[in-house]
Amino acid sequence: MIEVINFTKRYGDFVAVDDLSFTIGKGEVFGFIGPNGAGKSTTIRFLATLLRPTSGQGRVAGHSVVDDPMAVRRVIGFMPDDFGVYDGMKVWEFLDFFAVAYEIPFNYRKKIIGEVLELLDLTHKRDDYVNGLSKGMKQRLCLAKTLVHDPPVLILDEPASGLDPRARLEMKALLNELRGMGKTILVSSHILSELADFCTSIGIIERGKLLAAGSIQEIQRQLRSHRVLRVHVLDESISRAATILRDDQGVRSVESFDHTLTAEFEGQDDDMARLLGRLISEGVGVQSFAEEPLSLEEVFMMITKGIVN
Amino acid sequence: MLLRDNPVLTRELLVNLRSPRSFLLQLVYVSLLGAVVYFYWPSESEGVRQVGSGVARRLFELFFLGQFFLVALVAPTFAAGSITGEKERKTYEMLLASPLRPGTILIGKLLSSLSYLVILIVSSLPLMILCFLLGGILLSEIARAYLVLILAAGTFGLLSVACSSFFRRTSSALMVSYLVILPLAILCVALTRTDHADPRAREFVTFMTVSVLPPWCLAIWSVVAIVIVRRLLRPPDVGSEGKDVVDEEEEMKYAIGVVIDRDLYPDKLFAPAKRTDLMPDGTNPVLDKELRSEIFSQGTLMLRVVIQVSMLLSIPLMAALLFLRSDRAGYYVAYVLTFNLLVGPVFSAGSITQERERQTLSLLLTTLLRPGQILFAKLVAALRVSTVLTFLLVEQLLLAFVLIEELRDRYWTLIVFLLIIATTCLATSTIGLLCSALSRRTTVAIVLTYMTLLILFVFPVGMHYYLQGFVSISEERLASFTVTSPFSAAFSIPMAPSQNNTFTSTPVAVPEQVLIHLTPRIALPVWAIFLMIYPPLCLVLYGVTYLVFRWRWWRAGGLG
């Protein structure tokens with residue numbers, strides 16, 4: 001659905017984005033992660049047809065960002081990280097303004113404005129002036145604006161920045177709802193916990209370079225030269241289990257605490273399955289056997305070097 | 001504390017004078033003045049004794065007027081952003097919460113914004129002394145001129161700081177400063193003219209400028225300063241709780257006289273009723289939004305006051321220029337043109353820059369709207385408001401043409417006058433839009449627009465006045481310099497002298513108009529050439545605006 005091919009953007013000598021390539025499939029929620037100044041907004045503005053690339057190409061729903069921006073604008077809903085609202089306009093007028101700008105016919109407009117207001121829980125604010133709304137409300141209004149033409153692709157730049165915890169949670173629920181509606185979403189953030197729950201894949205960018213991209217599990221796997229296994233066993237079989245683990249050639253080290261064994265393991269998924277099979281066949285009472293998931297924060301910290309900040 | 005160790009002053013001076021730009025600007029300014037002096041300096045063949053004094057007086061007056069308008073134009077650009085800039089950078093509250101006293105802040109802001117201007121003025125002094133050496137001017141006159149300049153700089157600067165303290169945006173403050181200062185400047189120049197033939201009139205003007213003007217200025221300074229300090233001490237505009245919302249009913253309570261009733265004529269023409277339902281299909285949404293938005297959001301009250309005062313002023317002017325001396329109809333038209341010159345840019349110069357400043361441009365640019373649609377909407381909306389407001393002043397002209405016989409006989413001049421006014425409206429709006437597309441900030445766009453309009457409209461009239469009968473140029477050549485000015489166009493229409501000024505009953509011949517030969521065969525008056533060049537010029541400017549907008553905003557990296 002979204003394709004970025006060798007995108008490079010230079011400002012004079014400064015390279016904001018360097019040879020970036022990634023692909024986002026239909027219905028995916030792609031989390032774009034990176035420290036401040038890494039080049040996230042530059043890439044997003046490029047995809048939103050607001051920025052000419054120094055070189056490279058981008059495609060959204062098959063349309064070229066560079067050569068056919070109007071077609072791209074039709075299929076994307078764009079929410080910039082910093083946006084303003086017009087003075088002296090009411091909420092419904094604001095939405096009507098953008099609905100007309102997206103060439104939505106009159107009869108359909110009436111329906112869709114009502115629907116969008118309802119989806120974003122703004123119905124009670126319909127007749128309020130937009131410049132009198134709180135930050136969270138404005139953020140929601142802007143999201144409403146990006147939805148009026150029912151675009152299959154949403155490009156959201158830091159949609160939850162500057163919101164209070166409640167508004168942040170509500171924004172997250174909203175994005176989940178949009179994901180349920182089958183929209184392809186590119187969302188950027190530097191707050192990782194925001195993305196971890198609902199992104200199907202992520203891309204990590206630093207200093208204009210894409211360091212890793214793919215599903216979270218994939219990246220985790222790429223990252224780990226050794227994985228961490230956590231094995232809970234019944235009390236009496238702990239020493240036996242430890243011996244079996246130590247004997248396995250994929251296991252580097254084993255620590256036991258209470259009746260939990262933590263092992264550093266090097267190998268593929270089937271090696272892991274074979275190990276579990278051995279434990280069980282040797283009569284160890286395995287309560288649980290799992291790879292310890294790496295949190296997104298850990299992934300991020302491992303990948304980025306923190307140079308930008 | 002007020003002057004020494006004033007941190008506000010130190011910081012501003014440091015930032016302002018540190019850039020090489022300020023030095024370059026000064027260099028260019030002095031070189032320009034030097035070039036003018038060099039150009040006028042009598043050559044050796046001319047007897048310095050005979051020509052010198054006349055030259056010196058002309059130069060002196062040119063310098064004075066030029067610098068006076070420079071002060072009027074430049075003082076607001078520095079001062080109007082002094083406090084709004086703090087608000088925009090969100091440093092205002094930090095500054096107010098510091099132990100600095102409001103007086104210290106005010107002095108710091110005022111001196112820092114005027115210091116550069118004063119440096120510019122003083123750097124012209126050596127050239128002025130050169131003129132003095134030519135003879136014909138008194139040293140006291142030079143001193144008087146500089147006194148007026150410094151007083152003007154102080155007054156205009158302080159008024160701009162006052163506007164700055166009252167508004168949230170620099171653009172609004174700058175606009176209102178110009179609306180207040182430019183009429184004041186024109187009035188001041190008219191009152192302090194020294195080229196009266198009557199020596200008693202000259203003496204009176206000297207007396208006024210030396211003994212009356214300074215105390216009055218000081219009084220105005222103190223009042224304005226007290227108002228600003230009180231405002232800084234207890235700022236009503238800190239924080240944003242619901243303040244951004246325009247409450248029309250609340251506004252109307254404070255509106256002096258000008259209350260807009262959107263359902264009534266003529267208000268309907270420039271402020272159509274708010275929509276109660278969705279826009280019909282095929283509407284240009286930008287145009288609809290612009291037309292229906294609060295037209296006075298740009299510095300609400302002052303703009304209303306300026307419009308109100310202009311309307312009131314038009315009545316005595318109508319009596320003086322149309323009914324008593326119908327041959328002065330061109331001067332009434334000049335008044336209408338001045339109104340448009342002042343008010344026109346208010347509605348167009350911010351069109352594009354404000355979208356950027358409000359951070360709505362990126363929202364607009366990702367929609368399906370074409371750059372042509374956006375620009376057209378902006379132009380039409382600005383043109384409509386400024387034209388309707390300007391044409392409200394034309395009623396008096398129509399009345400005069402209906403009632404006065406001498407005017408009625410020459411009804412075609414009415415058509416020409418109306419065409420000149422309409423063309424001027426188009427020109428101010430188009431130039432404003434172009435400047436808005438060229439600039440990144442509204443303040444820059446406003447200054448650029450006023451500068452361009454003054455150069456096109458007012459400068460030729462001044463040139464004409466100063467060169468007349470002084471340099472050996474034919475009247476035709478002289479007139480050909482002024483074809484860009486609607487003022488010259490209006491003055492160039494010959495009007496029959498009023499009969500109540502003549503004692504004979506025979507009709508007096510209409511004075512002949514100066515014709516400019518375009519080719520040896522075709523000769524046209526100034527107004528005809530003016531009407532011929534502006535419509536295509538505006539079209540070209542609009543085309544340039546389109547290209548600039550497209551290149552700069554629509555698909556460019558300028559937003560980053």
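**Figure 1. The loop that holds B:Arg168.** B:Arg168 is placed in the loop between helix H8 (139-166) and helix H9 (170-191) of chain B; helices here are DSSP runs (H or I) of at least four residues and strands are DSSP runs (E) of at least two, numbered from the N terminus. The structure is a predicted model, in which local features need pLDDT of at least 70 and side-chain atom pairs count only at pLDDT 80 or more, while totals for chains, interfaces and linings use all residues. Residues are numbered from 1 along each chain as its sequence is written, and chains are lettered from A and ligands numbered from 1 in the order in which they are written. With 16 other C-beta atoms within 10 Å, B:Arg168 is partly exposed. A residue is buried if 20 or more other C-beta atoms lie within 10 Å of its own, exposed if 12 or fewer, and partly exposed in between, with C-beta atoms placed from the backbone. From B:Arg168 to B:Glu88 the C-alpha to C-alpha distance is 7.4 Å, although they are 80 residues apart in sequence.

**Figure 2. Helices H15 (residues 329-348) and H18 (residues 371-392) of chain B packed together.** Their axes are 9 Å apart and meet at an angle of about 155 degrees; axes are lines fitted to C-alpha atoms, for helices over the stretch in contact, and angles run from 0 to 180 degrees between N-to-C directions. H15(B) is therefore roughly antiparallel to H18(B), a term for angles over 145 degrees. The residues of H15(B) that meet H18(B) include B:Val336, B:Phe339 and B:Val343, and among their counterparts in H18(B) are B:Ala382, B:Val385 and B:Leu389. Contact requires that the C-beta atoms of two residues, placed from the backbone, lie within 7 Å. This contact has seven nonpolar, five polar and no charged residues. Ala, Val, Leu, Ile, Met, Phe, Trp, Tyr, Cys and Pro count as nonpolar, Asp, Glu, Lys and Arg as charged, and the others, Gly among them, as polar.

**Figure 3. The side of chain B that touches chain A.** The contact takes 30 residues from chain B and 36 residues from chain A. Helix H13 (285-292) and helix H17 (361-365) of chain B each supply at least two residues of this side of chain B. The largest share, three residues, comes from H17(B). By class, the residues of this side of chain B are 12 nonpolar, 11 polar and seven charged.

Figure 4. Among the buried residues are A:Trp92, A:Glu93, A:Phe94 and A:Asp96. They pack against helix H4 (106-119) and helix H5 (135-147) of chain A together with H13 of chain B. After H3(A) comes A:Glu103, whose phi is positive, near 60 degrees.

**Figure 5. An open sheet of four strands in chain A.** The strand order is E12-E13-E11-E14, with antiparallel pairing; two strands pair if DSSP finds at least two bridges between them. Strands E12 (251-257) and E14 (286-291) stand at the edges, each with a single partner strand, so one side of each has no neighbour in the sheet. Neighbouring strands are turned by 15 degrees against each other on average, direction ignored. Six bridges join E12(A) to strand E13 (residues 260-265), and A:Val254 has A:Ala263 of E13(A) as its bridge partner. Helix H9 (residues 238-247) of chain A lies across E11 (227-233), E12 and E13, running at about 165 degrees to E12(A).

Conventions. Parallel < 35°, antiparallel > 145°, perpendicular 65-115°, else oblique.
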